[in-house]
Amino acid sequence: MKLGIVSAIYDGFSFEEAVENAVVNGCECMEVACWPQGKAERRYAGVSHIDVDNTSPEYVAYIKDFCKEKGIVISSLAFYPNTMDGDKERREANIAHLKKVIRMSALLEVNMVTTFIGRDQYKTVEENLALFEEIWPPIIRLAEENGVKIAIENCPMLFGADQWPGGQNLFTTPSLWRKMFKIIDSDNFGINFDPSHFIWQQMDYLKPLYEFKDKIFHVHFKDIKLFPDKLNDVGIMAYPLEYMSPKLPGLGDVNWGQYVSALTDIGYDGYACIEVEDKAFEGTKRRIMDSVSLSCRYMRQFVI
């Protein structure tokens with residue numbers, strides 16, 4: 001496995017600054033955020049360290065050469081929108097930008113894009129599966145044509161009132177993965193596996209690694225702390241942030257020894273990127289850099 005960082009935490013850093021800080025902390029790879037320039041949608045979104053609208057040979061060569069010079073590889077280009085948004089104008093804009101990210105990933109020879117499926121939060125699961133069958137085959141065909149793998153993160157995108165009631169990403173459980181992989185049977189369509197999202201859903205985050213081992217293209221190292229007293233007070237129907245909180249690896253409830261052990265069991269030797277979304281480490285560039293340093297130091301005990 002190659003240990004790395006998701007660049008979304010480096011909000012306010014240039015691409016060069018983000019890469020240099022990652023390298024200082026021993027990162028071998030980076031999942032690079034590629035949102036539309038200057039269009040933040042939510043916390044940890046809107047960050048853009050590569051401009052996918054700039055496809056000039058000079059810019060593409062510069063990105064590749066800079067990474068080579070610093071001794072780091074780009075694990076994937078990252079854009080996590082809602083491609084199945086109930087607002088068709090937003091939906092089409094998100095799909096159009098995702099296609100640009102796919103093409104840029106091919107140009108940079110990264111050949112991986114990490115993203116969400118999306119979801120119309122006001123429709124049923126069955127209605128969203130039908131929407132997925134309509135929207136996603138052309139996206140995956142474009143990825144196939146460009147030799148790019150699409151790795152979908154299993155985050156429900158349900159945290160508070162803005163995403164209520166159904167969340168904004170359908171790709172949340174093994175049951176749904178099976179249905180979607182049956183609808184789109186493609187070697188270019190797989191998983192960006194994050195164990196933390198199973199914690200607050202009270203699901204097994206180890207067993208799916210074995211069943212879907214051939215579909216795991218990329219993994220995240222992010223932790224979540226579940227607060228049983230709060231859960232007992234508000235119940236599972238409450239907004240999830242009322243009873244859980246994202247944390248740095250090692251400060252939450254994921255058993256990282258078991259998780260990495262399972263990854264080694266299935267022979268996973270790809271990219272493993274730390275995703276920092278811990279509110280205790282926000283506010284200044286110094287705190288952001290501290291969060292990366294602590295996370296990398298902790299996870300290095302499991303990834304050589």
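**View A. Lys100 is partly exposed, at 35% relative accessible area.** In this predicted model, the partner of Lys100 in a salt bridge is Asp53, and their closest N and O atoms are 2.8 Å apart. The pair links distant parts of the chain, 47 residues apart: Lys100 belongs to helix H3 (residues 88-107), and Asp53 to the loop between strand E2 (29-33) and helix H2 (57-70). Asp53 is also partly exposed, with a relative accessibility of 47%.

**View B. A salt bridge joins the side chains of Glu17 and Lys285.** The N to O distance is 3.7 Å. Since Glu17 is in helix H1 and Lys285 in helix H10, the pair ties together parts 268 residues apart in sequence. Glu17 is partly exposed at 36% relative accessible area, and Lys285 is partly exposed at 38%.

**View C. Lys247 and Asp278 are both buried.** Their side chains form a salt bridge, 3.5 Å from N to O. Lys247 sits in strand E9 (residues 244-247) and Asp278 in the loop between E10 and H10, so parts 31 residues apart in sequence are tied together.

**View D. A network of salt bridges links Asp85, Asp87 and Arg90.** The model has 14 salt bridges in total.

**View E. Helix H10 has buried residues on one side.** These are Ile288, Ser291, Val292, Ser295, Cys296 and Met299. They lie on the same side of H10 because they cover an arc of only 120° around its axis. Among the elements covering them are strand E1 (2-6), helix H1 (15-24) and helix H9 (256-265). The 15 residues of H10 (285-299) should span 21 Å at 1.5 Å a residue, which agrees with the 21 Å between its end C-alpha atoms.

Note on methods:
Residues numbered from 1 in each chain as written. Predicted model: local features only at pLDDT ≥ 70, side-chain atom pairs only at ≥ 80, totals over all residues. Heavy atoms only, no water. Helix = DSSP H or I, 4+ residues; strand = E, 2+ residues; numbered from the N terminus. Expected span 1.5 Å × (residues − 1). Buried < 20%, exposed > 50% of the residue type's maximum accessible area, 1.4 Å probe, protein only. Arc of directions from axis to C-beta. Contact = heavy atoms within 4.5 Å. Salt bridge = Lys/Arg side-chain N within 4 Å of Asp/Glu carboxyl O.
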